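The sequence and structure come first.

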2 protein chains.
Amino acid sequence: MTDLPLLPLPLAGEPASERSDAARNRAALLCSAQALVAECGVDDVTMDAVAAHAGVGKGTVFRRFGSRAGLMIALLDQNETHWQAQVISGPPPLGPGAPPWERLEAFGLSRLETTMLHADLLRAAGTGPSRSAPAMSFVVQHVQHLLTQLGVTGDVRLLATALMAPLEIGVLDELRTRGIDTERALHGWLDLARRIVAGG
Amino acid sequence: MTDLPLLPLPLAGEPASERSDAARNRAALLCSAQALVAECGVDDVTMDAVAAHAGVGKGTVFRRFGSRAGLMIALLDQNETHWQAQVISGPPPLGPGAPPWERLEAFGLSRLETTMLHADLLRAAGTGPSRSAPAMSFVVQHVQHLLTQLGVTGDVRLLATALMAPLEIGVLDELRTRGIDTERALHGWLDLARRIVAGG
DNA sequence: GTACTAACCGGACCCAAGTCCGTTTCACTC
DNA sequence: GAGTGAAACGGACTTGGGTCCGGTTAGTAC
């Protein structure tokens, strides 16, 4: 997104102490991957190319990230970290300080924009959990928090998950296939949010 | 699912007249693919194996289905056709004859069950439109119809899409990761549906 | 029945993801 | 600062998805 430092995504810290050479290679690989993606597009970046650009062997790439999808998820996590910072301590209405409903509106808009911005990376990250579990957990917890503030009761965790589901890249792609543009999708999402909140 | 005939999935007919040998090979390939999936599991079925089992060349498989994901989608479409028949003309409450709200409840349950039943096939069908466009279109149109009958107004098409989004395999997988079982997911979905309908 | 064309067929071939294992490096101890 | 074990490294190797093009066949016109 912007600069690369920012390291390991501390928001869901596991022990995971890495040896120094391993950490260095991880950083170099992420940096190389980001550069190559920016240059050639996601689909034309091969694992060999990333390894070569970072000056390490291919085995190292797979040791660090497990698979191509894993590498893409790691790239996404970098951006996610920036975005989480905006939500936690950035300016309102996305950050704290605005009334809950306005924060929820801003959150949906921002999430939609972010997803569209990284659409190709998300698609390359594959089916299933295309974002890392901590990243998804953050989103759901924040929405759950806002819904609770808005007086929503019941299985709020599930409602939060359901509310975010239509903003997944797969659903958005499908909407676009049917000629529904982003703005209409956003209005639809706001209507959905309104109904969930109104349901009490 | 059961027998194989049933041919081309006529619910969204395009011209697509196929030469007789091509049609024969398509049927043989689908049959072989289904058999191999049943025998070895989705992940261990290779395109070579399907081609060999059907007695055709590998090129023919890709000519007919475009990709591995395309083959999986075609398999799913077969099942989908059976399921659509249940919705259109099967017994209530899934089929016609029951009040709209009961039909919607039954629809959600049935959809959830179907998705879980073909979970591995859906995952192998990949990201993006993991079901064929006609199949998704049917689902959305039916829900849209039921919501309209229930007095929902606004962008009902989008609301219908949003209501089905939490039942996609990716979301369900993620829920299970967090220890949320299918029954709880269903209750959550019913709550969501209730709120959408109550919103008018 | 023959000629003709467009579509189809097959399987050798290419490319990139992912694995394996002998070698090297780090971090920690004495 | 030498020793040691666990972890990381690298790149050859395997596997399977996807492409290509020369040869074949279905369908049609005469």
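## Basis

This is a predicted model: local features need pLDDT of at least 70, side-chain atom pairs count only at pLDDT 80 or more, and totals for chains, interfaces and linings use all residues. Residues are numbered from 1 along each chain as its sequence is written, chains are lettered from A and ligands numbered from 1 in the order in which they are written, and side-chain values use heavy atoms, with hydrogens and water left out.

## Surface near DNA strand D

DNA strand D is surrounded by 21 residues, and the closest are A:Asn25, A:Gly57, A:Arg64, B:Lys58 and B:Arg68. A residue is near the strand if one of its heavy atoms lies within 4 Å of it. By class, this surface has 9 charged residues (Asp, Glu, Lys and Arg), 5 nonpolar residues (Ala, Val, Leu, Ile, Met, Phe, Trp, Tyr, Cys and Pro) and 7 polar residues (the others, Gly among them).

Helices H1 (20–40) and H3 (58–65) of chain A, and helices H1 (20–40) and H3 (58–65) of chain B, each supply at least two residues of the surface. The largest share, 5 residues, comes from H3(A). Helices here are DSSP runs (H or I, at least four residues), numbered from the N terminus.

Of the atoms of DNA strand D within 4 Å of the protein, 63% belong to sugar or phosphate and the rest to bases. A polar contact is a pair of N or O atoms within 3.5 Å. Phosphate oxygens of DNA strand D lie 3.1 Å from a side-chain N or O atom of B:Ser20 and 2.9 Å from a backbone N or O atom of B:Met47. B:Lys58 places a polar side-chain atom 2.6 Å from a base oxygen of DNA strand D.

## Cis peptide bonds

Most peptide bonds are trans. The bond joining A:Pro92 and A:Pro93 is cis, with omega about 5°; A:Pro93 is in the loop between helix H4 (68–89) and helix H5 (100–117) of chain A. In chain B, the bond from B:Pro92 to B:Pro93 is cis, with omega near 10°, and B:Pro93 lies in the loop between helix H4 (68–89) and helix H5 (100–117) of that chain.

Terms used: Polar contact = N/O pair within 3.5 Å; in protein donor to acceptor, adjacent residues only side chain to side chain.
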